[in-house]
Every structure is written in structure tokens, then in C-alpha cells.
Amino acid sequence: MPALRVLSLYPELMNIYADRGNIAVLRARCEWRGLGFEHAATSLGERFDPDAHGLFYMGGGQDRDQVAVAHDMAETKRDALHEAADRGAVMLAVCGGYQLLGHSYELGGEELPGVGLVDLRTIREPGPRLIGNCAIEAELGTGPRVIAGFENHGGRTYLGADESPLGRVLAGHGNNGRDGFEGVHRGNVIGTYLHGPLLPKNVWLADRLIELALGIELEPLPGDRLEEAAHAAAKRAAGV
Ligand code: GLN
């Protein structure tokens with residue numbers, strides 16, 4: 001029986017809006033199908049084996065926690081993350097974690113390094129935080145689907161000219177409140193501003209990540225009534 005091996009990056013520092021709830025959903029949906037599930041964590045000062053995990057996960061965080069995380073990640077984890085991404089491992093990064101996947105996060109005259117897995121920059125520009133319910137349309141190989149959640153970020157993210165967003169904003173601000181893009185999607189690397197936590201409100205996305213990580217196709221789970229209601233409520237909250 002295949003097993004989903006998940007590595008959480010900095011779970012004690014990058015867990016705003018209980019983003020670690022995303023891991024609980026991945027675990028449950030694997031176990032309900034009889035698939036194996038293993039979860040490990042890595043944090044400040046630690047290195048990891050890029051071949052030992054199929055899905056890498058990082059949640060959102062406050063600017064002050066991102067400072068320590070950004071420097072540590074660039075120093076101790078950048079190369080292993082590139083190795084894993086190059087062999088097709090799945091990566092999901094939310095908000096503060098998403099910002100650190102790019103080249104840099106510039107805030108208050110300081111430029112935090114990113115790991116450069118994707119071509120984007122984030123800047124803390126003057127202006128209000130981008131807060132509210134948000135819905136996007138994304139295509140992850142199974143036709144266009146809606147991802148709905150909640151965003152709260154001061155940073156504005158700009159994709160490079162050849163980089164692809166995760167989706168098109170249907171409602172809310174997205175990457176920067178201007179260009180109509182939300183998140184990033186390159187190969188199996190996905191970044192998004194959407195909390196919720198994200199996966200409890202969008203279980204189709206959780207299932208798709210499991211499929212991509214394990215190279216299998218999943219049947220929908222019967223009895224997803226509560227999950228579908230949560231998805232519908234998140235869409236309604238965003239007004240779509
Ligand atoms: N600290 C980052 C910002 O404000 C990310 C916030 C978050 O993860 N919600 O832009």
C-alpha cells in the first residue's frame with residue numbers, strides 16, 4: 001500500500017490560522033482510503049533528506065517569525081528543497097510560507113531571502129493589509145475548480161513574466177490586489193495566500209495533492225457531506 005510521506009517545515013513557527021489543520025486533512029483522507037501516512041517535521045538549524053518525503057508543507061507566519069525562518073531556510077534547506085522539487089515532489093506553501101518560495105520578501109528596508117523555487121518577489125508596500133474571504137479558479141489537471149479561503153497579508157507578491165499563478169481571482173485580493181492572479185503553480189510546487197485552513201475547505205485539492213505525490217488516481221470519498229458544505233460556505237462567504 002503506498003504511503004504519503006509528509007514533511008512539515010517549521011510547524012511551530014509557521015502555523016497562523018491553524019494552518020497545520022491542512023496536515024490533519026491529508027492524514028485523514030489517506031487513512032480513510034487505507035493509504036499509509038507518515039508525518040515528520042523539520043525546523044531551525046536542521047537538514048533533511050530530500051528523497052525521504054513526497055509532500056513538503058509550510059504554513060503562514062508573522063513577519064517576525066519569517067525573518068528567522070527565511071535565513072534558516074536559505075542556509076539549511078534550499079538545496080534539498082530544489083532537489084525534491086526537481087524530482088517532482090509536491091510542495092504546498094501557504095501565505096508566509098508561499099512568500100518564502102520566491103526570490104525575496106522585502107519588508108521595512110530589509111530583504112529576506114527566499115529559496116527561489118519559483119519566480120516571484122514579495123514586497124511590503126505602503127497600504128492596507130489585504131484581508132478577506134477569497135475565491136479563485138484553479139486548474140490542476142482535472143479541469144477548472146474553485147479554491148475558497150481567507151487571506152490576510154501585508155506583502156504583495158509579483159510573479160515573473162513566465163511564471164504561472166495557481167489561479168485567477170474570482171473574489172478577493174489575491175497576490176497583490178491588482179493583477180487578478182493568486183498563488184503560484186510550477187510543476188508540483190504550489191503556493192497560495194489562502195488560509196482556512198485551506199484543505200478542510202477544499203478537500204478536492206487535498207485529494208489532488210495526494211494523487212500527485214503518490215502518482216495514483218483516487219476515487220472520490222463517499223460521505224464528504226460536511227466537507228462539501230464547508231466548501232460551499234467558503235464560496236458563499238467570498239460571494240461566488
Ligand atoms: N507575514 C506575512 C504578511 O503579512 C504573511 C502573513 C500570513 O501568513 N498570514 O504578508
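How accessible is Arg168: buried, partly exposed or exposed? Arg168 counts as partly exposed, at 46% relative accessibility. The structure discussed here is a predicted model.

## Salt bridges between separate elements

Side chains of opposite charge can pair when their charged atoms come close. In this model the count of salt bridges comes to 13.

One of them joins Arg168 to Glu137, with 3.4 Å between the closest N and O atoms. Arg168 belongs to strand E11 (residues 167-171) and Glu137 to strand E8 (residues 130-139), so this pair ties together parts that are 31 residues apart in sequence. Glu137 is partly exposed, with a relative accessible area of 31%.

Another salt bridge is formed by the side chains of Arg87 and Asp51, at 3.2 Å from N to O. Arg87 sits in the loop between helix H3 (78-86) and strand E4 (90-94), while Asp51 sits in the loop between strand E2 (36-42) and strand E3 (55-58), so the contact ties together parts that are 36 residues apart in sequence. Arg87 is partly exposed, its relative accessible area being 39%, whereas Asp51 counts as exposed at 55%.

## A buried pair and a network

Asp72 and Lys77 form a salt bridge in which the closest N and O atoms are 2.9 Å apart. Asp72 is buried, with a relative accessible area of 11%. Lys77 is buried too, with a value of 0%.

Four residues are linked in a network of salt bridges: Arg29, Arg33, Asp207 and Asp224.

## The largest pocket

The largest pocket holds about 350 Å³ of space. Its lining consists of 19 residues, and those nearest the centre are Arg145, Val203, Trp204, Asp207 and Pro220. Asp207 is also a member of the salt-bridge network with Arg29, Arg33 and Asp224.

Helix H6 (203-214) and helix H7 (225-238) each supply at least two residues of this lining. The largest share, five residues, comes from H6. By class, the lining of the largest pocket has 11 charged, five nonpolar and three polar residues.

## The second largest pocket

The volume of the second largest pocket is about 170 Å³. It is lined by 17 residues, with Ile16, Gly61, Gln62, Arg129 and Asn152 closest to its centre. Two or more lining residues come from each of helix H2 (63-76), helix H4 (96-99) and strand E9 (144-153).

What classes of residue make up the lining of the second largest pocket? There are 10 polar, four nonpolar and three charged residues.

How values were computed. Residues numbered from 1 in each chain as written. Predicted model: local features only at pLDDT ≥ 70, side-chain atom pairs only at ≥ 80, totals over all residues. Heavy atoms only, no water. Helix = DSSP H or I, 4+ residues; strand = E, 2+ residues; numbered from the N terminus. Buried < 20%, exposed > 50% of the residue type's maximum accessible area, 1.4 Å probe, protein only. 1 Å grid on protein atoms, 1.4 Å probe; cavity = no way out; pocket = protein on both sides within 12 Å on 5 of 7 lines; lining within 4 Å. Points joined across faces, edges and corners; volume = space filled by probe spheres on them. Nonpolar A, V, L, I, M, F, W, Y, C, P; charged D, E, K, R; others polar.
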